[in-house]
Each structure stands twice: as structure tokens, then as C-alpha cells.
Amino acid sequence: MQRMAGDRDFRFRTMEVRGSADRVDQLGFCIRFFLSHQGYSKRSVRSLTVPLWMFIASALSGCDAPLSALAPAGPTASAIAELWWIMLAGAAGILALVLGLLALSFRRRSRTAPERLWLIGGGIIFPITLLTALLAAAIVLGERSIPARAGAMEVEAESSQYRWRFSYPGTGALPTDETLHIPAGRPVTVALSTKDVIHSFWVPRLGGKMDAIPGHVNRLTIQASVPGTYFGLCAEYCGVGHSRHGFQVIAHAPAEWRAFAAGGRP
């Protein structure tokens, strides 16, 4: 069992590294191409490429990895990702304003803008407008990120150190370890429980996360738009084997799901 868990953890990490390496190669080429066409010498291009390459690659390395919330595959995850991008744009706007003001402070000009313009425009109008827009987006997308449970199929997920066991009440399917089977295109409510410590259920591409708390059952609704295999993990440190506490979710097409729910082999 420990060997299987280690192999699964290695597979998750290998997929992330390969995806990051491909993006880094493409990014490095784009940086070199841009700098060379701006009149920089080859030596300057080499000296400037390395820090830019490292900074941007580290920022983008997780955007489309198997465990990335920025590569959504369901309506709930899409709302979460969209809200994240909007919040990032708002933060970038504030950062641009601050950096712009910092750049203006180094200009050697005696003439400056009126203090009223800075106070009213930069201190009141800009932040109120931006924060109001972000609040509106958070309210709208926040509602979308909480799917309705009406009509959702319910499965059970019992966590322990360090295993996930999934059961399918109301069907003929047998319990499965480390793999959750769900129908594609249909909301699924996961009833979370734990046998020992606090664990956290998270499938980044299908929805948000929810803790499994001893003596209590929490429910989280996820949905996969299309059939496929999606990876999940425990997002709460639960002991020395936490890094191996991952699982996968297989979303089945209708015919495959009917066969599995009838007690067939996945």
C-alpha cells in the first residue's frame, strides 16, 4: 500500500513538472525573441533573460497543471477561477497606480498636479470604484461557485491516515479506495467524514475544498462538465504521510456510469 501511494504521489508530481518544463521552454524563447528585437546585444539578452525567465516562469508554473484551480473543468471551478482572475486584475491595477506614482516622484519637474487631484482622484474615486467592482464580482461569482444540491447525486467519502474510501449509496456499486467515480455533467454532493484527524477534500479543477472533521459530516458539491480523470488531494496537513494523501476522480459518460452504478467494474 505504501509503495502504491508513493507511486501515485510520484505520478502527480511528474505531471506537474513536465507541464511546467514545457511552459518554461516556450517562455524563455519568447523573452529572448523580444529582447533581441529591441536592440539588445546577445550578451545583454543572456543577462536579462535569466532573471525575467525565472520570475515569470515561477509565477505561471502552476496555471495549467493537473492540480491547478486555474484550469477548471466544471461550472463551480470555472466561477472560482474567474473570480481569481478578476481579483488579480484589480490587484494589478492598484499595483500599477502605486508604481506609477513612484515613477512620477523621480521626475525632476517643478510643476506638480494639484493636491486635490491626488486626494480625491487617487485616494477616493479610484479605490472606491475598483473595490466596488471587485465586491460586485465577488458577490455574483460567489453565488455561482455554490452549486444547488437539488437533484445532485450523493456519494460518501471517508478519510483516514492516509486513505480515501468512497461509497455510493443507492447504487449497486462497490466502495472504492483512492478513486471516486462520478457521472459527468451532473452535480455530485460528497458527504465527507473522517476516522481520525481533520482532512480536507479538494479537487481543484472541479470545485472548492471542504474539511472532513471528526464526529461531523460536511457536504461539498462538485461537477465535471466532460468525462475524464481529475486529481484531488488532502488540503489540510494531517500527519507525516500528508504528501501521499491524494486521490483521483473519474467522471464517466452516461453509458459507462450506468454500468458502474449497476455493480460493474470501473
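Q: In which order do the strands of the open sheet stand?

A: In this predicted model, the open sheet has 5 strands in the order E3-E2-E1-E5-E8, and its pairing is mixed.

Q: Why is one side of E3 and of E8 left without a neighbour in the sheet?

A: Two strands count as paired if at least two bridges are found between them. E3 and E8 each have a single partner strand and stand at the edges, so one side of each lacks a neighbour in the sheet.

Q: How many bridges join strand E1 to E2, and in which sense do the two run?

A: Strand E1, residues 153-160, is joined to E2 by 5 bridges, and the two run antiparallel. Together E1 and E2 form a hairpin, with 2 residues between them.

Q: Over how many bridges do E2 and strand E3 pair?

A: Strand E3 covers residues 176-177 and pairs with E2 over 2 bridges, in the antiparallel sense. Arg165 has Asp177 in E3 as its bridge partner, while Phe166 stands opposite Thr176 in E3.

Q: Which residues of strand E2 make up the covered face, and which the uncovered one?

A: Strand E2 spans residues 163-167. Trp164 and Phe166 make up the covered face, whereas Arg163, Arg165 and Ser167 lie on the uncovered face.

Q: Where is Gln223 placed, and does the residue count as buried or exposed?

A: A residue counts as buried under 20% relative accessible area. Gln223 has 16% relative accessibility, and therefore counts as buried. Its place is in the loop between strand E8 (218-222) and strand E9 (228-234).

Q: Which residues does Gln223 touch, not counting residues up to four places away in sequence?

A: Gln223 touches Ala73, Gly74 and Pro75, together with Gly185, Arg186, Pro187 and Leu206, when residues up to four places away in sequence are not counted.

Q: Which residues make the nonpolar surface patch?

A: Leu119, Ile120, Ile124, Ile125 and Ile128 make this nonpolar patch of about 470 Å². One of these residues, Ile125, has its place in helix H4, residues 115-144.

Q: Why does Ile125 count as partly exposed?

A: Partly exposed residues lie between the buried limit of 20% and the exposed limit of 50%. Ile125 has 49% relative accessibility, and so counts as partly exposed.

Terms used
Residues are numbered from 1 along each chain as its sequence is written. This is a predicted model: local features need pLDDT of at least 70, side-chain atom pairs count only at pLDDT 80 or more; totals for chains, interfaces and linings use all residues. Side-chain values use heavy atoms; hydrogens and water are left out. Patches are made of residues with over 30% relative accessible area and no salt bridge: like charges are joined within 9 Å, nonpolar side chains (Val, Leu, Ile, Met, Phe, Trp, Tyr) within 5 Å. Accessible areas come from the Shrake-Rupley method with a 1.4 Å probe; for residues, only the protein chains shown count as cover. A salt bridge is a side-chain nitrogen of Lys or Arg within 4 Å of a carboxyl oxygen of Asp or Glu. Helices (H or I, at least four residues) and strands (E, at least two) are DSSP runs, numbered from the N terminus. Buried means under 20% relative accessible area, exposed over 50%, partly exposed in between (1.4 Å probe, protein chains only). Contact means heavy atoms within 4.5 Å.
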